[in-house]
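User: Could you walk me through this model, starting with the interface and then moving to the salt bridges?

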Amino acid sequence: MTIRFVLMVNKQGQTRLAQYYEYLTLEERRALEGEIVRKCLARTEQQCSFVEHRNYKVVYRRYASLFFLVGVDNDENELAILEFIHLLVETMDHHFGNVCELDIMFHLEKAHFMLEEMVMNGCIVETSKSNILTPIQLME
Amino acid sequence: MALSGMRGLSVFISDIRNCQNKDQERLRVDKELGNIRTRIKNDKGLSPYEKKKYVWKMLYIYMLGYDVDFGHMEAVSLISAPKYPEKQVGYIVTSCLLNENHDFLRLAINAVRNDIIGRNETFQCLALTMVGNIGGREFAESLAPDVQKLIISSSCRPLVRKKAALCLLRLYRKNPDVVNVDGWADRMAQLLDERDLGVLTASMSLLVALVSNYHEAYWSSLPKCVKILERLARNQDIPQEYTYYGIPSPWLQVKTMRALQYFPTVEDPNTRRSLFDVLQRILMGTDVVKNVNKNNASHAVLFEALSLVMHLDAEKEMMSQCVALLGKFIAVREPNIRYLGLENMTRMMLVTDVQDIIKRHQAQVITSLKDPDISIRRRALDLLYGMCDVSNAKDIVEELLQYLSTSEFAMREELSLKAAILAEKFAPDLSWYVDVILQLIDKAGDFISDDIWFRVVQFITNNEDLQPYAAAKAREYLDKPAIHETMVKVSAYLLGEYGHLLARRPGCSPKEIFNVIHEKLPTVSMWTIPILLSTYAKILMHTQPPDPELQKQIWSIFQKFESCIDVEIQQRAVEYFALSSKGAALADILAEMPKFPERQSTLIKKAEDIESDTAEQSAIKLRSQQQASNALVMTDQRPANGTPPAAPLSLVKIPSMENKEEQHSEDRGLNQENGALTIVDPQPHPSEDLLGDLLGPTAIAGHSGAVQSDHNSLSGLEGIPDAAAIVPIEGHMNAVQPIGNIDERFRTLCAKDSGVLYEDPNIQIGVKAEWRAHQGRLVLFLGNKNTSPLASVQAVILPPTHLKMELSLVPETIPPRAQVQCPLEVVNLRPSRDVAVLDFSYNFGTLVNVKLRLPAVLNKFLQPLSLTPEEFFPQWRSLSGPPLKLQEVVRGVRPLPLVEMTNLFNSLRLMVCPALDPNPNNLVVSTTFYSETTRAMLCLVRIETDPADRTQLRMTVASGDPTLTFELKEFIKEQLVDIPVMSAAPVAPSEAPPRNPVLPSDDPAAILADLL
């Protein structure tokens, strides 16, 4: 029951953030990102937020031009992950004030820090926004 | 300012963003990489700021999908920087760019350790996070105790402890042999008393990892989990920051309920009651609300609660409530809920109590099969597959067939495989099965693997009644204007074999059949032509009296292909042409294919293989396995009357369609094991014993008289006099002395498949066995050595619970100088090294009674397997730690040179893989174990010997099943340890295997075990 990766991808399919919790080679990453991004981006609003891919699931959510994709084991609680994505977005909103693609591009390090405070070793480690953002404030 | 004021980086990112296409991007990236490379090379002292900047650029480039094969050292070196901003970048980028096996990581161990044991808690957090994400073996070795200390340290703040908990989780999962968690049961329970929800969230993940490996030790954590769940569900003392849309941390609630699913049950009545109160509240109190996030969060909790209720074996009423909820969910508009409703209903099918209630939703599930969303359709397909049984198979399979025509390509293969399996498993009649498979081939020929059509052919071959029907159907399909090549193959094959049965029907004269098949020849590939040629030859053979015109036509085709470039086609053409001028010989050689031996369906096996495993054995899966084994035990005791569990049609994998066809299959890498099946050695193994010649070839006759021995019931056991002395009863009771050592004979037979089991002046009992996967057939040869008959012969099998054994009738009298063969069928249900006993007696002047162990032992269900290092090591690593991987130092080993030990292993079907272990004193062994519950399961063994002291060694055994690992380890130990041959008692299982279901007291095996 773990998170295998977190991806942020824009609607052109360009990766804006990638964090893997299991080691994949560069080729494997490229292939995986290509396949699942193609699958998820082709889906409509009326379809569910879960896509089965190989032997895992992708739980995804779209915010304007940005897609958040989280790869999880098959037995993961999908809705919990779906709301975890939203928590991540709310946390970023909190910091950036209505987060957008450019924020993540130009503040990649902050996006990484936040994610790192929330997920460790594929497990959710913190869900309190103030606790997540403390170390980032420390940096500034 | 962007990226903490790194202007160069912002410029680079802008440049990348402005690139019009991939080529421009690549140019820009190459330029930047060149730039970074020169800077790193030239400047000896990069300032921390510059290092930081370059390292981020590298990460950015890596994220874009470009290889960054330098500069790793710079990232790692930042870890040792004294200031927080540099350190932070060092840790984060290192954990993104490197993996646990990277050499540079070792260089950082000291710096990381200093941060972990240091006083600066922000440094501690950074270090713990990195180790938690990519820490490998060396980190586990040098850091695990420090990390463990931090988790329970009272002077540490929650922010450090939660990271330490997840750090330990990684170290433990990756290297359970290095991380010592003895005594962690108490600490874990203590940890769950924590109030801080961040620490609890992390600890709960750690608990899941520990419990999933070995739940017995963690009972004390169970009530704590229930308390946490109560606190959350009742919203007691939950800080606002941990409430999400009014719901107290849904993630912790979910994780806690997941942890509870790793305990087999909740025994304490108070805890159980509290838990069910909470669950009932969640089940009944979750309403649909407008806010999407709130709704999702509350349903995340609800679905986890459903899983837990299923796991806990709640009362039927609560289960029905769950099914009712799920029934509602699968019909709602919200696609996520619909998807999850279907998914959970499929899991619910494992609960026998509610299967019937679930089946009431069949219509809705079929509607979901037409859902616009492929994710939902997949779930619906899975559920339909799960709920199919004899009563609804026709409806469901027909729905699947209909859906096949409109479904997308991505699903067709799975869909057709599932339809084929259901048709086979639950066919109400055989002709329906044939119809379904032919329709499948017609509609989705591209997705029909050869397995599917091989199987239908096999079926028809074995059922004479079906042959005319199938031939007629095949004929009908050939009239269609465009048919799939697979259909041409099947039809041609069927009409070649059985076309003559249709001769009187209109349009079915040999000539007409030939014409309609031959029309397809120009459209088919090289793979199909050989089948068509065989069909022509068969048509020719069946045409009596011969039709000269047809003959001429077919001969000209053979002649045409005599110069074909494809060797297979050429050979067939030449041979058939030659044969067909031989008259009578043709009829012999091309006679109808004989029936196929019964074997397990390859399709079902294939479907099982498709179900892939996730890293962690989920509680639900474990549970379903337990249920499967329970079901087996039940049917074992007494076949259900009334509605027998729908047995799969007895029909089988094809050894080889035709000798020549086989070559083709192999060419395409298909069914290689089929070839192996046909190479069963028909010759008796040479036996050095007197009676060896008498044993003769084991052309084992049909077991028409086979009756189920009712002696495996308790009454049979009670009837045995002096059951306490189970194995060879010594001379004080029998006037007749055995010849040779019974123990030694048994041991020899454990490694061999034929030989003498027992001999005395009056009788010799020989054994010859054949083993295939989890089944075996043993033939007992009872040879009377006297010139007068042996009377009152009785043979009773006392099987252990893990074997299903059926001995055919043993005659009461064995005539003088005669030998009687008694086949004994054996099915292995699960791993165990208990031994079956043959209680044998006869009267020759005096009553002689012996109890003999039968060589139906664990290793007979092994299939040696040769693995390459590439195959071996990932498997070896993935099976980490007890109970799947067990290690033991064995002393008192019979000293054997390594070569002999290798031979011993190989004779036990434990295949020694040479050169896998770099140390020449070690042996690495691989094999596959077969039983009904485990199916085919890979077993790996490593033996580390000590050249200085051959009487001891270290053994590590691993497999995907805890019981199997344990049993195999003990079995090998028994083989290696020097047991005094004189001992009358058999090797008694001294330790109880872990987690074995407690045997019921009236179980014959339990009684046997007690006696031993």
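Predicted model: local features only at pLDDT ≥ 70, side-chain atom pairs only at ≥ 80, totals over all residues.

User: OK, how many residues of chain B are in contact with chain A?

Analyst: There are 75 residues of chain B in contact with 62 residues of chain A, where contact means heavy atoms within 4.5 Å. The buried area between the two chains is about 6100 Å², with 55% of that coming from carbon and sulfur atoms; buried area here is the accessible area (1.4 Å probe) that two parts lose on being put together, summed over both.

User: And how many salt bridges between chain B and chain A?

Analyst: The count is six, a salt bridge being a side-chain nitrogen of Lys or Arg within 4 Å of a carboxyl oxygen of Asp or Glu. R258(B) and D75(A) form a salt bridge through their side chains, at 3.9 Å from N to O. On the side of chain B that touches chain A, helix 16 (residues 292-312) gives the most, with eight residues; helices are DSSP runs of H or I with at least four residues, strands are runs of E with at least two, and both are numbered from the N terminus.

User: Switching to chain B itself, which residue does E825(B) pair with?

Analyst: E825(B) forms a salt bridge with R777(B), and their closest N and O atoms are 3.0 Å apart. Because E825(B) sits in strand 8 (residues 819-828) and R777(B) in strand 5 (residues 775-784) of chain B, the pair ties together parts that are 48 residues apart in sequence.

User: Is R777(B) buried or exposed?

Analyst: R777(B) is buried, at 16% relative accessible area, whereas E825(B) counts as partly exposed at 26%; buried means under 20%, exposed over 50% and partly exposed in between (1.4 Å probe, protein chains only).

User: Which residues are linked in a network of salt bridges?

Analyst: The network links E52(A), R378(B), R379(B), D382(B), E414(B) and K418(B). The side chains of R378(B) and E414(B) meet at 3.2 Å, N to O, and this pair links helix 21 (residues 374-387) with helix 23 (residues 409-426) of chain B, 36 residues apart.

Methods: Residues numbered from 1 in each chain as written. Chains lettered and ligands numbered in written order. Heavy atoms only, no water.
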